[in-house]
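Please consider the structure shown below.

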Amino acid sequence: MSAMSNALLSRAVGAARRARTTAVRVRGRVERMDTVPVLGNGGRPRPLLRPEHLSVLGGRTLNLAVPFPRTTRSLAAARLELRHGGRLVALPLEQEARPGGGPLLTATAPLDYADAPAPEGRALSEGLWRMAVVITDGAGRERRAALAAPAPRTTAGPTLAHPPHPATGAVLRPVRSVDGHALLKVAAPRHQAELTGLDLRWDRITVHGRLVGGPPPRVPYAAEAVRRQKGASGRTVAAAPAWDGGAFTFDLPLAAMAAGERGQRTWDVQLRSGRSRLRVGRRLTDIRSPKRVFRTPYRVVALDGGELLRVHAHFTPAGALSVTCAAVADTARTTPATPAAAAATAGRTGTDEDA
């Protein structure tokens with residue numbers, strides 16, 4: 001074997017070792033993040049069933065598939081119980097026959113979040129919910145078994161492993177206890193401003209959104225665009241939102257944003273009430289990188305005074321709404337401010353300052 005072949009083989013072996021080390025490190029980090037310092041069985045030893053699959057898809061749909069050992073007793077019914085404090089939520093389990101073994105117990109159930117849920121229903125409050133499978137045989141006798149924690153998900157795909165609930169913003173995710181049991185952790189939603197719509201027109205850009213989580217402020221929120229500037233607070237331009245309960249709508253103050261500015265500027269859109277500030281953004285999704293997925297077109301906007309602006313409303317990697325705008329060259333102002341003429345004159349010039 002030549003010296004070059006030996007060198008290539010040595011590099012390949014080294015790369016494989018580094019990949020294994022990285023995989024072990026990532027797996028350990030995920031396990032630590034998903035491990036809670038409580039006992040999953042509440043101090044009472046029970047048989048353990050290891051699920052083939054346990055997840056909360058889309059932030060709200062519990063999916064469970066757990067094999068049940070073959071038994072001579074008939075299996076009349078099965079259910080999954082979620083317990084937290086004095087609250088109990090029971091979900092029916094379906095039986096699927098498996099060749100050469102006992103049945104596969106499955107559940108696909110929508111869940112919700114509430115600060116103070118009613119005694120009935122599937123709304124879960126904040127906290128750790130213990131999980132148990134209850135089996136009823138033909139004679140009416142019940143047997144209980146705890147669920148073992150499944151292997152953690154370490155693959156990085158285009159979607160989040162634990163996305164927020166798309167309506168409430170709460171996060172429901174399976175975790176493991178220190179003794180290896182599966183639990184469901186429910187985290188209350190953060191107070192935030194969720195973007196629900198963005199109207200890109202030829203004379204304006206309208207923002208639609210709603211408040212999520214937390215009580216409303218004592219002083220109503222005002223909308224504003226803050227110019228991004230390194231090392232200092234940028235200029236702020238206010239807008240007057242229209243409110244309908246927790247939903248808001250406002251037009252971006254493009255004329256004021258362009259006044260006195262030269263070149264292209266980037267503005268962050270937010271709500272403000274006193275010292276409280278909420279960045280408007282799109283976060284209640286399972287998308288890992290909103291900037292790459294939620295693509296928006298450029299627009300040439302004609303202001304009331306006849307000035308043309310090249311505007312791009314876009315998302316940051318974290319999902320916050322930002323806007324870049326710049327005045328079209330002076331020679332373009334002689335062109336009629338129609339959508340077709342403005343677009344043909346302005347073209348796609350300049351660069352975007354996405355963050």
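How much space lies in the second largest pocket? In this predicted model, the volume of that pocket is about 220 Å³. Its lining is made up of D203, R204, D251, L252, P253, L254, A255, V301, A302, L303 and D304. Two elements, α2 (254-258) and β23 (299-302), each contribute at least two of the lining residues. Sorted by class, seven residues of this lining are nonpolar and four are charged, while none is polar.

Rolling a probe the size of a water molecule over the atoms shows where empty space is left. Across the whole structure, two cavities of 30 Å³ or more are found. The largest cavity has a volume of about 50 Å³, and the residues M257, A258, E261, G263, R265, E307, L309, C325, A326 and A327 line it. The largest share, three residues, comes from β25. By class, the lining of the largest cavity comprises six nonpolar residues, three charged residues and one polar residue.

The structure contains three aromatic pairs, and W243, F248 and F250 together form one aromatic cluster. The charged end of R282 is placed over the ring of F294, at 4.1 Å from the ring centre. Likewise, R299 has its charged end over the ring of W202, 4.8 Å from the centre of that ring.

Note on methods
Residues are numbered from 1 along each chain as its sequence is written. This is a predicted model: local features need pLDDT of at least 70, side-chain atom pairs count only at pLDDT 80 or more; totals for chains, interfaces and linings use all residues. Side-chain values use heavy atoms; hydrogens and water are left out. On a 1 Å grid over the protein atoms alone, a cavity is a set of points where a 1.4 Å probe fits but cannot get out, and a pocket is an open set with protein on both sides within 12 Å along at least five of seven lines; lining residues have an atom within 4 Å of a point. Grid points are joined across faces, edges and corners, and a volume is the space filled by probe spheres set on the points. Helices (H or I, at least four residues) and strands (E, at least two) are DSSP runs, numbered from the N terminus. Ala, Val, Leu, Ile, Met, Phe, Trp, Tyr, Cys and Pro count as nonpolar, Asp, Glu, Lys and Arg as charged, and the others, Gly among them, as polar. Rings of Phe, Tyr and Trp (its six-membered ring) pair if their centres lie within 6.5 Å; planes under 30 degrees apart count as stacked, over 60 as edge-to-face and the rest as tilted. A charge sits over a ring if NZ of Lys or CZ of Arg is within 6 Å of the ring centre and within 35 degrees of the ring normal.
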